[in-house]
Structures are given as C-alpha cells and as structure tokens.
Amino acid sequence: MSPITRVYLYSAFMSISTACFGLDTGTIGAITTMKQFETQFGALSDITRGLVVSCILLTSAFTGIVGGTVSDRLSRKRTTSLGCAIFAVGMGIACGSSTLGMLIAGRCIAGLGEGLFLSCVAVYISEISPAAIRGRTVLLMQVMTTGAIAAGFFICYGTARIDSSLSWRFPFALSTLLSTLVAIGANFLPYSPRWLMLHGRRDEAETVLDLIATDLSETERKELLTVPAKTAASLGVFAMFGKGVRGRTALGAFLQMANQLSGIDFVLFFAPLLFTQAGLDPSTSSFVASGVTGILLLVSTIVSTFYIDRVGRRRLWIIGGLLIGGCHYLLGALYASGKARDDRGKWVVIITIELFAIAFVSTWAAVIRLYSSEIQARSTRAAASAFGNGVNQAVNFVVALTGPGFLARSAYGPYFTYGSCTFFATFVAYLYMPETMGKSLEAIETSFEGSPYAVQWPERILSGRKEHVEQTLTRRRASRESQKLPGETRAELRAGIMEMERLGTVEEAVN
C-alpha cells in the first residue's frame, strides 16, 4: 500500500466520527415531529423542541473548548476514541429512553463526547497529510458529515412509517453503532507525527513518517523533524492566548462563530418547517428537506474536493460569503414584501434555500475546519482548534434553541440577521485571512510573523496612512518636549505673550 493511500484511509476512518455528528443533525429535527415520538413524549412546544434539538450542542461546546488540552496530553487518536465512546453511551441512553428527561440527559452525555472528537479529528488529519492533499483529506470530514445528513433524512423518511417506537429509536441506535466502531478502531491508527515531535518522541515520529510521507512531502518532513519539542507549560489551554499566537486563535474562533451565524444549521435543523412556511404541504416539505436537500449537500461537497487545493481557502471564503449573504437578503426581501406566499414567490424561496445550502457546503463548509486548524501554531494547534470548535458549538446551540421562536415572531428577521452577520464576516476575512493553500504547516506558522493584514493595500492608501502617522507622532513628540520645560520658563513665556498683547492694544488706542 502506498503512503498516500494510507493517509487517505486513516483520514477516511477518523472522519466516520463526524458522520455521527451529521447523522444526528439530519435526524433529530424529523424525529421530534414523528407521531410515534409524540405518542411517547407528547407534543412539544417550540421551546421544548429547541431544547431537545440543541442540548447536545451545549455540552459539546464545553468539552470542545477543553478538548485540545486533553488531546495534547492523550494524543489526537486516543482523545477521538474517548469522545466516540462517550458519544456511544449517550446515544445508547437516548435510544432506550422512556421519558423526555432521560432523552435529554442522553443527548447531553453524547454532546460531551461529540465535543472531544470534533475538536481532534481535523487536527489529526491535517497533521498526517502532506500539503498537496491536505485540503482533500480534511474535506473527507465534510463529505462524511453531509453524507450522513442526507442518509439521516432518508432514514427518518422511511422509519416514520414504522408503527412503533422503533421509528425514532433506530437513528439513535445507528449513531451508537458508528461511534462504537470508531472508539475501538481509532486506537489502532498511528499517532500524529507532529504530536510525537511535540513530546520529544522523534524516533516514533520518523517511523510514522515512513508510513505516510511521500516525495511531495520530503521538504515538510525535514521542517517537521528540525522543530524542537515543547514543554508541558507551552501546551496548556492558556498558551493559545499568549503573545504571537493569540491573533491566530482569535481568527480561528471568529471564523468558526461566523460559520454558524451564516444560519446553516437553522436551515438544516428546521428545513421541513421552512418549506412548509413557503407554502408546501407537510409531506412534500419533508421530502424536499430530506431527499433533495440531502443529495444536493452531498454532491456539492464531493465536487468541492476537486478544487479545494486549487482555488484557495481565502478566495472560497470570500466568494462564499457574498453568495450566502445574498441568498439571505433575497429571502428576507421576499418575506418582508409578502411576495414569498404567492405561487411564483413560493418557488423562488425554495430554490433560494437550496442555492444557499449549495453555496455554503461548496465554500465555507469546505474551508472552516481545514483553515482554522492549519493556521494555528504547532504548540497550540489542538487547544486553539478545540477552542474554535467549542465557540462553533456554543453559537450553534443558541441558533438551534432560538430558531423556532425567532421564525414564529418574524418570517424575514432571521434571514436579514444571518445575512448581515455573513457579510460582516466576509469583510473581516478580506482583511485578516491570509492564503494557506499549498504551504506546509511549518511554513504557514512563519507566515503569521509579519503583518496581521491579509489584504495588500494600494500604495496611495499606504503612503497617505504613513504620512498621517508621521504627522501624529511629530505632534506628540512636540507636546512631550513642551511638557519638559521648567515651570518658570513656561510662566515667563505666558507673561511675555500677555505683555505683547497689552502693548499691541495700547498702540491701537494711541493711533
């Protein structure tokens, strides 16, 4: 087996863990509307439904923030294994729940595991992948996620016809099985060579590199093996806020937050509700949300694997932001004007929602996990990536919890809100998001040592700004120098000025 094939296989297996996340995203909204589910737990209010859907995200945000520190201690693969094991326990409890409290408790436990493995998988894959294919290998996570979302939609579309509680228990059972598989199998994969180097285990790192290094990554191999190990103090959770790395931590966390404030999970969680609001009958809405949306997401993600390492992360984010924000503003305008409810407007809304989903998975979803991981410093990559993932899940929790109520109060408010957030994030990325495509992780790390601006300002703006700064500094120096004069001298100067003014007044009076 060739080294490049091993990298793809290791990455694909670890990405199965993200399929557990995608499967839950694709099924939980449909599960809460099944008649068998309502027979077991009763009809849910908007607040209760939002809590059932989003509770997993709250605990995931907590462990996501600390997951990087755990990963630095246990290793990437063992933290992923631990997270999947906890997720399997939680989903098993949800599968066997007889009360709503038991279901919510199970999902909260699953969230503790979800935060751990989501914070580690992208780091593991990016650290074992050569620069030439890193975009494609990390994107396998998104392929697995969207594939599981599509599968989840279809699974619920089929199990809803089962006249027993198996209809809603089966998706939870499937999630338990998948996460158990990864929890066991991850332990048999090699350690990340960069994690081994962080801990001074050079010989083991070289052995792993013999398995996965190719001619294309020989330069990266030399760069990696010349970097010294870090002390335990430099691997702590607070190290990611230290001098020289806090900017990268903030950028990664901001992009993760913006990823959720684009409104993608608002659409995925509540797609049937959105299509029903657009005027489709409930059965048709469920089919469009489950079948059409799921397939489009999967196909778009697969297509993106062919250009992720050619177009560039920065360009994809900016183009995607403009498309996503434009779709939101169009939807908001349709609902605000009342055009969304006539025959033509209804189909414009449906098509725009689908275009929004395609634009998102083809750009932002393809970039976010990859970019927020590869820009981090070696010593803080796991902690900073985990922190960003925790921020992502925390914002996701708020979006999922408030989604039904927000939509009930205003048909157009969510779209204008998410659209504005998207445009703002696109502008920030234009300023501060440097390109990383084709660079080794070590080369990316050194590129952040210069200016924080990613944009190349025109020379006219730069010269004008330089002149303004020089004038400001000159005035400040003059002010400081005047303050250094002795008090008597300043008093004498003031007295002299007043005497000159008095003499001038007398002279005018005489004339």
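The largest cavity of this predicted model has a volume of about 260 Å³; a cavity is a set of points on a 1 Å grid over the protein atoms alone where a 1.4 Å probe fits but cannot get out, and its volume is the space filled by probe spheres set on the points. Residues are numbered from 1 along each chain as its sequence is written, and side-chain values use heavy atoms, without hydrogens and water.

**Largest cavity**

- The lining comprises 22 residues, of which Phe21, Gln142, Asn259, Gln260 and Arg369 are the closest to the centre; lining residues have an atom within 4 Å of a point.
- Helices H1 (3-31), H6 (134-159), H11 (246-261), H12 (264-269), H17 (343-362), H18 (364-374) and H19 (381-409) each supply at least two lining residues, helices being DSSP runs (H or I, at least four residues) numbered from the N terminus.
- H6 gives the most, with four residues.
- By class, the lining has 10 nonpolar, 10 polar and two charged residues.

**Packing of H4 and H7**

- The axes of H4 (residues 76-95) and H7 (residues 166-185), lines fitted to C-alpha atoms over the stretch in contact, come within 8 Å and cross at roughly 160 degrees.
- H4 is therefore roughly antiparallel to H7, a term for angles over 145 degrees.
- The contact (heavy atoms within 4.5 Å) includes Phe87 and Met91 of H4 and Trp168 and Phe172 of H7.
- This contact has 12 nonpolar, seven polar and one charged residues.

Key
Predicted model: local features only at pLDDT ≥ 70, side-chain atom pairs only at ≥ 80, totals over all residues. 1 Å grid on protein atoms, 1.4 Å probe; cavity = no way out; pocket = protein on both sides within 12 Å on 5 of 7 lines; lining within 4 Å. Nonpolar A, V, L, I, M, F, W, Y, C, P; charged D, E, K, R; others polar. Axes fitted to C-alpha atoms, helices over the stretch in contact; angles between N-to-C directions. Parallel < 35°, antiparallel > 145°, perpendicular 65-115°, else oblique.
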